[in-house]
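Thanks for coming, everyone. Please look at the sequence and the model on the screen while I talk.

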Amino acid sequence: MKVAGTEGVPGRRRGRVRGVTETKTVSPPTKRPVRQLLAASVGNAVEWYDWYAYTFLATYIADQVFPRSADNSLVPLLSTFAVFAVGFFMRPVGGLLMGAVADRHGRRAALTVTILLMGGSSLLVGLTPTYAAVGVLAPVILVLARLLQGLSVGGEFAASTTFLVESAAPGRRGLFSSFQYVSTTIGQLVASGVATLLVDTLSDGEMNGWGWRVPFVLGAVLSLVGFWIRQGAQETRSAEQQQAPRPGLFEALRRHPRESLLICGITAGGTIAYYTWTSYLPTYAELNAGVEKSDALLAGTISLAFFAVLQPLGGLLSDRFGRRPLLLFFGLGFALLSVPLLHALRDSFAVLLLVQCAGMVLLTGFTSISAAVNAEVFPPRVRAAGIGFPYSLTVALFGGTAPYVGTLFKELGHSGLFPWYVAVLCLLSSLVYLRLPETAHAPLRR
C-alpha cells in the first residue's frame, strides 16, 4: 500500500514495515557538530570521573563509613565493593527511565537530568557522615548515593549514545561514536590522577579525615560545568518525532524484542573484554602472575591512554570499511587470543604492558563503534530506551561481574578457566556480528 503524496517530495524516504510503506522525514545533521561532540563528551567524562572515583578511594570509604569487624579486616572493604555492585545493577533501570525521557522529551533534556543527578549523587558521597558519627545511617546514605549514580550512568549511556550518533554528519557516525569511549577513558584517567595526587600529597590522617571527600565534591562542581555546556547543545530528535505521540515506557521491549536481544548479543563479548582489560587486568596480573601492584597500576594507566588515542581511528575505519569488519576483528581476535594473552602474563612490567596494549587494539574494534551500531539498530521513536535497558543489563550481568568471576575462579583453584570464559563470550558475540546487517553507509532513520 502506497502512502499518497510522497513521490518526488524532497527530504523524504520510504521504508517498509510489516508490508506497509511508511514515510520518514530525514532531518539534516546538526549545524554545530563540534559543539554537539563537546557537549556529549565533556558530560560523559564527568559522569565517569564520578563513577570511577568511588573505585579508587574504596579503601578510605570503607574505613570511614562501615563498621570494623574484629574477626576480619576485609569486611568493610567487601561491604564497600558490594555497594559498588549495587550501582551496577541500577544501570538498567537508569537506561530504561532516562532512555524514556530522551525518547519522550528530547535527548538534551535527558542529558541535563543525568548530569545533574550524577552531580547530586557525587556530592552526597562526599558529604556522607562517618559510621562513628551517625552509625548505620552512614552506609544507608552511601547506598542511596550509589543507587543514584548507577541510575545516572545507565541513563547517560542511553542518552549520549543517541545524541552523539544523531549529531553526526553523513559518513561520520563511526567517528562521533568513538568519542563515547574517549570521554569515558578520560574520566577514568582523571579520577585516577586526582586520587593519586591526593594520596601522595596528604597524610594518612588527612586522607581518612577529609581528603577522600575532595574528589566527590570536585565531581559535583564539574557536573555543573557539564550542565552549562549541555545547555547550549542542539536537540537531535527530529520535528516529526517531537510531534508524534510519546512512546510507552516498555514500548521498545514490547514492540522490538528481536532488536533488544540483538543489543544483548552485540554487547556481551564487548563488555566482558572491556572490564577485563581496562579494570580487572591489573588485579588479575597481581593474583595470577605475581606482578607488583605499582607496576600493574602504571601499565594500566599507560594502556588506557593508548586506548583513548585508538578510538577515533577505529571510528574512521568503520565509516570507510563498515561496522561488521571491525566487530569481527574484535570478537574473533579475543576468541582466539584471550587465552594465550592472559596465559602469557608473568612477573614482568613489559609483558603486562604488551598484553594490555594488544588487548586494547582488539577491543577498539568494539568500543569505537558500539554507540553507532546500537543507535543504528533501533528506530528513532524508541532509540534511547531501546538501547539503554538491554545494553546496561548486559553490562551488569557480564561486565560488572568480571572481577568477581575472575577472583572466584582463582579462589576455587581454577584461575585458568577465566580466559576461556572471556573467549567463549566473545565467540558467541562474533556469531551475532556475522549475521548483523551492515549499516555504516545507510542513512540513519530519523
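Start with one word: buried means under 20% relative accessible area, exposed means over 50%, and partly exposed is in between, with a 1.4 Å probe and protein chains only. This is a predicted model, in which local features need pLDDT of at least 70, side-chain atom pairs count only at pLDDT 80 or more, and totals for chains, interfaces and linings use all residues. Residues are numbered from 1 along each chain as its sequence is written, and side-chain values use heavy atoms, with hydrogens and water left out.

Now the overview. The protein has 19 helices and two strands. Those are DSSP runs, numbered from the N terminus: helices are H or I with at least four residues, strands are E with at least two. Of the 446 residues, 54% are buried. The protein exposes about 18,500 Å², and carbon and sulfur atoms supply 68% of that. Such areas come from the Shrake-Rupley method with a 1.4 Å probe; for residues, only the protein chains shown count as cover.

Next, contacts. Contact means heavy atoms within 4.5 Å. Take the contacts between residues at least 6 apart in sequence: 85% of them join residues at least 24 apart.

Let's go to helix H16, residues 370–377. How many of its eight residues are buried? Eight of the eight, so H16 is largely enclosed by the rest of the structure. They are Ser370, Ala371, Ala372, Val373, Asn374, Ala375, Glu376 and Val377. What covers them? The cover includes H6 (137–167), H7, H12, H14 (323–343), H15 (349–367) and H17.

Look at Ser370 in H16. Ser370 counts as buried because its relative accessibility is 1%. Leaving out residues up to four places away in sequence, Ser370 touches Ser177 and Tyr181.

Grid points are joined across faces, edges and corners, and a volume is the space filled by probe spheres set on the points. The structure holds three cavities of 30 Å³ or more.

Which helices each supply at least two residues of its lining? H1 (33–56), H7 (173–201), H12 (257–289) and H17 (383–399). The lining has seven nonpolar, four polar and one charged residues. In this scheme, Ala, Val, Leu, Ile, Met, Phe, Trp, Tyr, Cys and Pro are nonpolar, Asp, Glu, Lys and Arg are charged, and the others, Gly among them, are polar.

Gly386 lies in H17. Gly386 is buried, at 1% relative accessibility. Beyond four places in sequence, Gly386 is in contact with Ala252 and Phe378. Gly386 and Ala100 are 286 residues apart in sequence, yet 8.7 Å apart in space, C-alpha to C-alpha.

Gly211 sits in the loop between H8 (204–209) and H9 (214–231). Gly211 is buried, at 0%. Past four places in sequence, Gly211 touches Leu198, Leu202 and Glu206.

Last, the cysteines. Cys357 is buried at 18% relative accessible area, and Cys426 is buried at 0%. The structure holds zero disulfides, a disulfide being a pair of cysteine sulfur atoms within 2.5 Å.

Note on methods:
On a 1 Å grid over the protein atoms alone, a cavity is a set of points where a 1.4 Å probe fits but cannot get out, and a pocket is an open set with protein on both sides within 12 Å along at least five of seven lines; lining residues have an atom within 4 Å of a point.
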